[in-house]
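Dear colleague,

Please find the structure below, handed over for your files. My notes on it follow.

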Amino acid sequence: MTWTEAQIVQAHEHCFENAQEVQASAQCACYFCAANELPGAYFEPGAITEWLNPAGRDAKTGAEILRSGSKPLSDRATAICPNCTFDMVIGDASGLPITDRSLLSAINERF
Ligand SMILES: [Zn+2]
């Protein structure tokens, strides 16, 4: 299947600030891992061990927290792939056909 530029760009947007969507998903895909046929391209949201937290701050010190552990600090956190550690994770709650590797490859080629 071929994908339009608009479809690819729209799908790519689901990789960012996606904590809410990823956590609502039954399964997630990393498009870098899928496109490169790495093992573990598909995983459950519970497998994510790190999140990027653009607005997260430590409650005690007020210091900015860029990365947290398995719990995102906000709905706008960005999931990090537990395998390749890139922020290229899409959850199935996005409504995107994440099991279609042609889409994941198209995104990987475009970005
Ligand atoms: Zn990955």
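Axes here are lines fitted to C-alpha atoms, for helices over the stretch in contact, and angles run from 0 to 180 degrees between N-to-C directions. Helices (H or I, at least four residues) and strands (E, at least two) are DSSP runs, numbered from the N terminus. Residues are numbered from 1 along each chain as its sequence is written. The model is predicted: local features need pLDDT of at least 70, side-chain atom pairs count only at pLDDT 80 or more, and totals for chains, interfaces and linings use all residues.

The axes of helix H1 (residues 5-13) and helix H4 (residues 101-110) cross at roughly 90° and come within 10 Å. H1 and H4 are therefore roughly perpendicular to each other, a class that covers 65 to 115 degrees, with angles under 35 roughly parallel, over 145 roughly antiparallel and the rest oblique. Ile8, Ala11 and His12 of H1 meet Leu103, Ala106, Ile107 and Arg110 of H4, where contact requires C-beta atoms, placed from the backbone, within 7 Å.

Most residues other than glycine have a negative phi. Glu17, in the loop between H1 and H2, has a positive phi of about 50° although it is not a glycine. Thr85, in the loop between strand E5 (78-79) and strand E6 (89-91), likewise has a positive phi, of about 60°. Thr85 is exposed, with 12 other C-beta atoms within 10 Å, whereas Glu17, with 19, counts as partly exposed (buried: 20 or more other C-beta atoms within 10 Å; exposed: 12 or fewer; partly exposed: in between).

With kind regards

Definitions and conventions: Two residues are in contact if their C-beta atoms, placed from the backbone, lie within 7 Å.
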